[in-house]
Structures are given as C-alpha cells and as structure tokens.
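Q: I would like to learn how to read a few features of a protein model. Could we go through them together?

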Amino acid sequence: MECLLNILRLRYSETNKKMNIAHRTHYAGTLRSEQIGQEVIINGWIDSHRDLGSLLFFDVRDRAGKVQCVVEPTDATMYLYEEGKKLRSEYVVSIEGTLRKRSNPNNKIPTGEIEIVVTSIVVLNEADVPPFVIEEEVRANEDLRLKYRYLDLRRPSLQKNLMMRHRITKSIRDHFDSRGFIEIETPMLMKATPEGARDFLVPSRLHPGEFYALPQSPQIYKQMLMVAGLDKYFQIVKCFRDEDLRADRQPEFTQLDVEMSFPDEEMVYEVMESCLRKVWTDVGLELPAFPRYTYKDVMERFGSDKPDLRYALEITTLTEALRAKTEFKVFNDVLEKKQGRIAAVVVPSGATWSRKQIDELTEVAKTYGAGGLVWVKKTVEGIDSSAKKFLTPELHTTIADACKMNVGDMALIACHEKWSRACTILGALRIEIAKRLELTKNKSNVFAPLWVLNFPMFELDEATGNYNAMHHPFTSPVVEDWNARTEDLAAIRARAYDIVVNGYELGSGSIRIHNRTLQTEVFDMLGLSKEEQETKFGFMLDAFRFGAPPHGGMALGIDRIAMICAGTDNIRDVIAFPKTTSMQGLMEECPSPIDPKLLTELKIIIGK
C-alpha cells in the first residue's frame with residue numbers, strides 16, 4: 001500500500017510540476033546582449049539539441065525567435081544534465097537561467113551574441129517525432145504540411161507573415177478611425193444575389209427548402225448603410241465565393257470594405273491611397289506613387305487590366321502601320337475587321353532564341369486564341385522574319401522602327417479579329433517572356449502600384465450573346481456615355497476603378513447608382529425581368545425611394561495585401577488555415593459527409 005502511495009505521490013509531483021508554469025520574463029527571440037547577467041525565464045519549444053559530452057546545448061524557439069541554452073555538467077548540475085539529455089525536438093519546456101555572452105557568436109540570428117546558462121528545466125509536454133522536420137527550407141510536400149498545419153505554422157517565416165498581417169489590419173483600423181469612419185458588422189447570412197461568382201448556400205431548418213447565402217461581399221448592406229445616413233463605413237470582413245482556386249484566391253477570404261456618402265472619385269482615390277501608404281510604412285516598407293491608366297491604356301500597352309509594372313515590355317500596336325502595306329493574308333484578314341488588332345512585344349536580346357523557345361511561346365499564344373506567331377529578328381546582318389516570303393524589306397523596317405528594336409532584339413507579333421482577344425494574347429506573351437527573362441527575380445520588395453480607371457460598364461458574353469456587368473450591376477455609368485448610348489453597350493464606360501500592385505488586383509470599387517430609375521434601367525439591360533428585379537433586389541430599389549445619397553467606395557483584399565508585403569507569391573503563406581486548390585481543409589478533413597438524420601431534418605435529399 002505504501003509503495004502504491006509513493007508511486008501516486010511521484011506521479012502527482014511530476015504532473016504538478018508540469019501544470020505550475022513559471023511566468024516567462026522574456027520571449028526567447030527578444031533577448032539581447034544588453035541583458036547579460038539577468039535571470040530570465042523563457043517558455044517554448046525545443047528547436048534543436050546537441051550533446052557534446054562535456055556540454056549540452058539546445059535551442060528554445062517561440063514566436064519571437066530562438067536562443068541557445070547551455071547546461072554545464074558539474075556535481076551540482078548533473079541532475080540538469082541528465083534532464084537535458086532527455087529533451088527532443090518539439091518538446092514544450094520552461095527554462096530558467098542566467099544570460100551570458102556566447103564564446104562563439106552566431107551572426108545569423110538576432111540572439112547570436114548571448115546564451116542562457118540553464119538553472120532549471122521543466123518539460124511541460126513531450127512530443128512525438130513530427131511528420132516532417134520543422135525548418136525554414138522545409139522539404140515536405142504542401143499537402144502534408146497543410147494536413148499538419150499547426151506544425152507548419154511553427155516555422156518562423158509563417159509566424160512572421162501572420163504577425164505582419166496583424167500589423168496590416170491594425171494599421172487599416174487606425175487609418176479609418178482617424179478619418180471618421182465607423183466599423184460596422186454586416187450579416188454573414190444573407191439573400192443569394194448575383195455578384196459574378198457562385199454563392200455558398202446555407203439551408204434553413206426553420207424554413208425548409210429555403211436557403212441563406214454566405215456573402216460574396218457586403219456590397220448591398222454597405223449601400224443600405226449609406227441610405228441610413230451613416231456616411232462613412234468600413235469593415236474588415238470575411239467573404240465567400242464558390243469558384244475555382246489558384247495561388248492568389250481562396251473560397252473564403254478577408255477584405256477591407258469601405259463606403260462613403262457624397263464622394264467623387266478623387267475622394268476615394270485619396271482615402272484608399274493614403275491607407276495603403278500607411279500600411280506599407282507600418283510594416284517597414286515603402287510604396288511609390290500611383291500612376292493612373294485607363295482600362296484601354298493598360299489593355300493595349302500591357303495586355304492586362306492588372307499589369308505588373310516592375311518591368312517594361314510594352315506592347316506595340318502595328319495595326320495602322322501595316323494597313324494597306326502588306327500582302328500577308330493573315331494580317332489582311334485581321335485588318336478587314338473593325339475590331340481587329342495586330343501588335344507585338346519585343347524580347348530584348350531575343351534574336352539568339354532557338355526555334356524550340358519560339359515554338360514554346362507560340363503554344364502559349366495559341367492557348368489564348370492566337371492562330372500562331374510571327375517573329376522578326378534584328379541582327380547586324382539585317383532584319384529577318386518567319387514571314388519573309390510575305391513581308392517586304394520595307395515592311396520589316398516599318399515593324400522594327402515601330403517596335404523601337406535594337407540590334408539583337410526579337411519582336412513577336414500576334415493578331416486577332418477581336419481587339420480584346422488580341423490584347424489578352426499579347427498580355428500572356430508579355431508575362432511568359434518576363435518569366436523566362438526572370439525580370440521579377442529579387443524584386444519581391446519592389447512595388448509598382450497603379451490605378452486602372454474607366455472600365456467598360458458591360459462586357460459581352462460571347463457564348464450567350466448577352467451583356468454582363470463587368471464589375472457589378474450597382475456601378476454608376478459615365479453620364480455622357482450613358483446619355484449617348486447605342487446598341488453597343490460595351491462602349492459605355494463605368495465610374496469604376498481598380499488598384500493593382502505587382503500584377504495583382506488588390507481591390508475594386510466604383511461610384512454607385514443611387515437613383516431607382518437608373519438602377520432599374522441597368523437591370524433591364526442585363527436582361528433581368530421586373531419579377532427578378534423585385535425578387536432579388538426589391539428591398540434595395542425600395543430603399544432608393546426614400547432619399548438615397550450619392551455614394552461610392554471600394555474593397556481591398558487583405559490576403560493579397562499581406563501576400564505582397566510578405567514577398568511571397570502564394571496566398572496560403574499568409575492565411576493561418578487555408579484550403580487546397582481543390583477547396584479542401586486537409587487538417588480538419590472538410591468538406592465532409594453529413595449525418596443523414598441532419599439532412600432529413602433540413603429536408604435535403606442528396607442526388608446521385
């Protein structure tokens with residue numbers, strides 16, 4: 001009996017030791033040489049350990065960094081040495097000791113000049129061998145790291161990203177609070193409305209057969225807040241879109257949502273630009289000036305409405321230069337079309353590129369709708385091209401001069417009977433050439449912001465022949481375009497604007513429609529029947545009857561802002577628990593089947 005009691009006392013003592021955690025005096029990564037001689041307590045994880053026989057070293061890691069600890073075995077500290085030998089990677093520990101100067105400084109880490117001479121080791125929790133080594137240059141595949149995301153998040157780079165994200169959202173809140181904006185929460189359960197992507201639907205138990213939608217954005221709610229007279233609103237809010245994923249997109253994302261009453265575009269530009277400048281400054285970065293481009297400008301010059309301006313590679317239009325001068329049927333067929341376009345992008349020093357390299361670029365162009373590419377090379381021997389049977393020496397010179405080619409350059413020419421398609425083809429080529437020339441290498445801390453203005457109000461869906469809203473159906477048109485409109489709705493410009501940084505759309509906004517009659521006319525043009533308008537937007541149209549002020553605003557993607565500031569090209573690096581590209585949560589194994597009893601209660605039948 002006494003033996004059993006002794007065992008229980010021992011177990012209680014060990015458990016009590018683990019439960020009575022000494023309060024840390026410092027984070028491990030904050031310790032510096034100015035604190036030498038101080039008694040310190042740190043709590044964290046064993047990052048690495050080294051037993052040299054005469055000395056025992058181990059590093060303790062927490063969110064601020066890591067510091068070296070040392071046990072020097074003597075008669076008085078032999079029990080510490082034996083305790084330290086039991087330590088393994090990822091054990092959770094509390095360490096007490098005295099800070100001293102290291103005899104062999106490590107200049108690679110901020111704590112490299114000091115170390116802790118250990119006087120107490122408490123193992124708060126042991127750890128199994130992790131499924132992958134927790135280190136910066138992690139070699140495990142991403143699916144494994146997402147399955148054990150809580151382990152992957154122990155890596156300093158990911159923790160640094162999440163702490164930067166915290167500073168970003170704090171900076172945003174400080175900015176808008178100082179400008180008199182009010183943060184207001186809007187509902188997560190709302191009415192399904194068409195906003196350009198599929199809704200995530202939530203069944204209602206109390207109303208069988210009816211559904212809520214998770215918000216794609218708080219767009220309608222923030223407009224209602226303007227009608228309510230709340231004047232200046234902002235919110236950092238979760239939004240949801242059931243769409244295919246890519247490196248800069250997730251099914252759930254966080255955005256900064258902003259709306260104000262009685263604005264013009266310049267007011268919106270100033271508020272949003274100053275917000276981003278503050279964010280960049282507060283995370284220790286610098287954001288240069290925001291040049292302004294129209295939608296037509298960026299499409300013609302860069303082939304994209306979200307161009308990366310960290311490199312040049314501007315597209316040159318050749319349509320007029322070649323008109324009535326060529327016998328080349330491919331060009332002539334395009335020149336006959338009203339919307340046809342011939343354009344080129346120059347590859348600096350590309351005259352030495354091989355046939356294989358050019359063929360690879362041709363396949364890229366074909367993917368986006370090109371029939372092929374024509375190349376023109378300028379060398380010391382003269383100008384050559386893949387279409388020299390059809391292009392005269394005079395035309396070769398015309399093309400080289402228009403493209404401002406230097407000796408050694410190569411121009412790649414594409415064409416299409418539709419202006420927008422030709423722009424897209426050349427834009428894809430521009431991006432691919434930049435990749436191959438590594439034009440953004442070592443430029444993760446170089447930022448090229450811009451505004452894109454005057455988007456088309458409508459875009460034609462080639463598959464259906466119907467017009468859709470390019471941004472959303474609540475965007476106000478440019479008045480003179482609206483008054484002079486014809487059957488070509490694509491010619492109407494919208495009072496819409498985007499912010500782009502380094503080839504990513506950071507945000508989109510517009511001056512909104514606040515007039516019931518105009519909003520109804522826009523719905524009519526989009527093919528919504530009166531019944532659909534009333535069913536989907538009746539409450540909004542009704543609100544406009546009671547004195548809606550002019551209003552406008554913008555939304556910025558917090559995830560993309562954090563991604564760009566962190567210098568990564570994958571949005572998952574700045575989200576604590578992201579989904580895979582197949583929209584799965586590998587750690588928590590979702591989506592997952594639902595208990596049939598719950599489906600019955602919700603009156604839901606799963607089809608086969």
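A: Gladly! Let us start with a term: two residues are in contact when heavy atoms of theirs lie within 4.5 Å. Please keep in mind that this is a predicted model.

Q: Which residues is T520 in contact with, leaving aside its neighbours within four places in sequence?

A: They are K530, Q533 and L541. T520 itself lies in helix α15. With a relative accessible area of 15%, T520 is buried, because buried means under 20%.

Q: How many residues does helix α16 have, and how far apart are its end C-alpha atoms?

A: Helix α16, residues 530–543, has 14 residues, and its end C-alpha atoms are only 17 Å apart. A straight helix at 1.5 Å a residue would reach 20 Å.

Q: Where is the kink in α16 centred?

A: The kink is centred on F537 and amounts to about 90 degrees.

Q: Which residues of α16 are buried, and what covers them?

A: A general idea comes first: an α-helix has 3.6 residues a turn, so residues three or four places apart point the same way. In α16, the buried residues are Q533, F537, G538, M540, L541 and A543. Their cover includes α6 (219–227) and α15 (516–525).

Q: How should I read backbone angles?

A: Most residues other than glycine have a negative phi, and most peptide bonds are trans.

Q: What is the phi of E438, and where is E438 placed?

A: E438 has a positive phi of about 55 degrees, although it is not a glycine. Its place is in the loop between α13 (419–436) and β17 (449–453). E438 is partly exposed, at a relative accessible area of 49%.

Q: What about M583: what is its phi?

A: M583 is not a glycine either, yet its phi is positive, about 65 degrees. M583 sits in the loop between α17 and α18, and it counts as partly exposed at 22% relative accessibility.

Q: Which residues does the cis peptide bond join?

A: It joins C590 and P591, with omega about 0 degrees. P591 is in the loop between α17 (558–566) and α18 (596–601).

Q: What is the volume of the second largest pocket, and which residues line it?

A: The volume is about 390 Å³. M583, C590 and P591 are among the lining residues, along with others including F200, F240, E252 and K579. By type, the lining divides into nine nonpolar residues, one polar and two charged.

Notes:
Residues numbered from 1 in each chain as written. Predicted model: local features only at pLDDT ≥ 70, side-chain atom pairs only at ≥ 80, totals over all residues. Heavy atoms only, no water. Helix = DSSP H or I, 4+ residues; strand = E, 2+ residues; numbered from the N terminus. Expected span 1.5 Å × (residues − 1). Bend = angle between axes of the 7 residues up to and from the residue. Buried < 20%, exposed > 50% of the residue type's maximum accessible area, 1.4 Å probe, protein only. 1 Å grid on protein atoms, 1.4 Å probe; cavity = no way out; pocket = protein on both sides within 12 Å on 5 of 7 lines; lining within 4 Å. Points joined across faces, edges and corners; volume = space filled by probe spheres on them. Nonpolar A, V, L, I, M, F, W, Y, C, P; charged D, E, K, R; others polar.
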